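Here is a short note for a colleague who is new to this structure. Please keep the model open while reading the numbered points.

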Amino acid sequence: MGVIGCMRYALGSVMMVGVAPEYLGVWLVWRGVSLALPPWVYQWGDDKLYSLYQRLVLFFFETCTRVEVVMYGDADEALKKKESVLYLANHQSTVDWLIADMVALRGGSLGHLRYVMKNTLQLMPLYGHYFYAHGCIYVKRGNFNQGKMIASLDYLRNPNIPTWLIIFPEGTRYYPGTPKVIQNSEQFARDHNLQILQHHLVPKVKGTWLVTKHLHDKFDALYDVSVFYEGTVDQSGVRGNAPQLIEFLLGKCKRVHIHIRRIPMSEVPREEDSLRAWLHNLYAEKDKLAEHFFSKDATQRATVQKTLGGRVSHLGLWSTLSSFIFFTALSVPFLCTKMGHQLYLHLLMYGTMGSYAWLAIRSVC
């Protein structure tokens, strides 16, 4: 199993990173074709492309790892709806964004995923600019630029652009292995007379409030998503760090529990102070739910699926294999022809330079 995991990691890493210039080339063609068309037409095509690539990612992270996905709460009914969603989730791993992929694919909305992301992700070659063009929103920790975020939100107000906007209100990951961050969060709660959370950091309200202020009428519902990676509690009942990207791709996480609570937007406050209290209460409820998964009682952890009515959710093979086949076929001319080699290098070089030029221009605007 160790050898298979290493091979999967090597092939997956090479392919997911290696097809980036090819993906950029396809996207540039569509971007050029759609320049004279309404923004929603461009976004429709871009969402199709984004879904195609993310299915490739899930081919390696879900299909090949054979991780078992267990859904709870309102998941079955909510994912039957075709709606625009504000997706709030706990944050504990670099895999958390992939969980959103898993959820959205089951809801037929994978291409509509857009993230509120930390601004350092802009530095990713090729993808830094692409994520912005896809409708993702970059925010800077400690120097929050409200104006830039509002400009991005205004684009998403277009009723013809369906959106699942992903926010991790804690702002950073909950790592039991780095207790200083947790201690600072607990002290903040004490200083502001808030309930101390046992399994989450105190959620930050500013970004969530701006989203609800500008897109409240666009969203049909808020999805309160709680994710739990099996195996994070050791035999002595002590919670450790959740698996990260490499560990997950190596197949070290056997089961993921995903609890979804669908909340109509009519129940989500519009005012900042009201939302702050509401959001903290929401996380206090998430804390109670987390007790089932992080209990020191091994028997309780082992029976949590039955206790909370979890249902295993299977993903059809073709839903991800089709993307693997597509990108494999797309790579053939790039790998096997001299013109393909040159085009690949040009896309990689000029695409990276262009992405960083855009970043430099945007940083001064």
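Helices here are DSSP runs of H or I with at least four residues, numbered from the N terminus. By that count, Phe-59 sits in helix α3. Please bear in mind that the model is predicted.

1. Start with Phe-59 in helix α3. Is Phe-59 buried or exposed? Its relative accessibility is 10%, below the 20% limit, so Phe-59 counts as buried. Leaving aside neighbours within four places in sequence, Phe-59 is in contact with Cys-64, Thr-320, Leu-321 and Phe-324. Thr-320 is 261 residues away from Phe-59 along the chain, yet their C-alpha atoms are separated by 4.9 Å.

2. **The largest nonpolar core.** This core has 68 residues. Which of them touch the most other members? They are Tyr-87, Ile-99 and Trp-164. The element that gives the most to this core is helix α3 (residues 39-63), with 11 residues. In soluble globular proteins, nonpolar side chains tend to be buried together.

3. **Trp-164 and its surroundings.** Now look around Trp-164, again setting aside neighbours within four places in sequence. Its contacts include Leu-79, Glu-83, Val-85 and Tyr-87. Val-103, Ala-104 and Ser-109 are also among them.

4. **α3 against α6.** The axes of these two helices come within 10 Å and cross at roughly 130°. That angle makes α3 and α6 oblique to each other. The crossing of α3 past α6 is left-handed. On the α3 side, the contact uses Tyr-42, Gln-43, Asp-46, Asp-47, Tyr-50 and Tyr-53. On the α6 side, Tyr-127, Tyr-130, Phe-131, Ala-133 and His-134 take part. The contact residues comprise 7 nonpolar, 2 polar and 2 charged.

5. **α9 against α11.** Helix α9 (residues 206-215) packs with helix α11 (residues 272-294) at an angle of about 120°. Their axes are 10 Å apart. The two helices are therefore oblique to each other. In this pair, α9 passes α11 in a right-handed crossing. From α9 come Lys-206, Thr-208, Trp-209 and Thr-212. From α11 come Glu-272, Leu-275 and Leu-279. By type, the residues of this contact are 3 nonpolar, 2 polar and 2 charged.

6. **α7 against α9.** Helix α9 also meets helix α7 (residues 146-156). Here the axes come within 10 Å and cross at roughly 40°. The crossing of α7 and α9 is right-handed. α7 brings Gln-146, Met-149, Ile-150, Leu-153, Asp-154 and Leu-156 to the contact. α9 brings Lys-206, Gly-207, Leu-210, Val-211, His-214 and Leu-215. The contact holds 7 nonpolar, 3 polar and 2 charged residues.

7. Leu-126 has a phi near 70°, a positive value in a residue other than glycine. It lies in the loop between β3 (113-118) and α6 (127-134). With a relative accessible area of 8%, Leu-126 is buried. Asn-193 is not a glycine either, and its phi is positive at about 55°. Where is Asn-193 found? It is in the loop between α8 (179-191) and α9. Asn-193 counts as exposed at 75% relative accessibility.

8. Glu-267 belongs to the loop between β7 (255-264) and α11. At 49% relative accessibility, Glu-267 counts as partly exposed. Val-67 is 200 residues from Glu-267 in sequence and 34 Å away in space, C-alpha to C-alpha. Gly-340 is part of helix α15 (residues 338-364). At 7% relative accessibility, Gly-340 is buried. Not counting residues up to four places away in sequence, Gly-340 touches Pro-333 and Phe-334. Between the C-alpha atoms of Gly-340 and Ala-221 there are 45 Å, with 119 residues separating the two along the chain.

Definitions and conventions
Residues are numbered from 1 along each chain as its sequence is written. This is a predicted model: local features need pLDDT of at least 70, side-chain atom pairs count only at pLDDT 80 or more; totals for chains, interfaces and linings use all residues. Side-chain values use heavy atoms; hydrogens and water are left out. A nonpolar core is a set of buried Ala, Val, Leu, Ile, Met, Phe, Trp, Tyr and Cys residues joined through side-chain atoms within 4.5 Å. Buried means under 20% relative accessible area, exposed over 50%, partly exposed in between (1.4 Å probe, protein chains only). Contact means heavy atoms within 4.5 Å. Axes are lines fitted to C-alpha atoms, for helices over the stretch in contact, and angles run from 0 to 180 degrees between N-to-C directions. Angles under 35 degrees count as roughly parallel, over 145 as roughly antiparallel, 65 to 115 as roughly perpendicular and the rest as oblique. A crossing is left-handed if the near helix is turned anticlockwise from the far one by less than a right angle, and right-handed if clockwise. Ala, Val, Leu, Ile, Met, Phe, Trp, Tyr, Cys and Pro count as nonpolar, Asp, Glu, Lys and Arg as charged, and the others, Gly among them, as polar.
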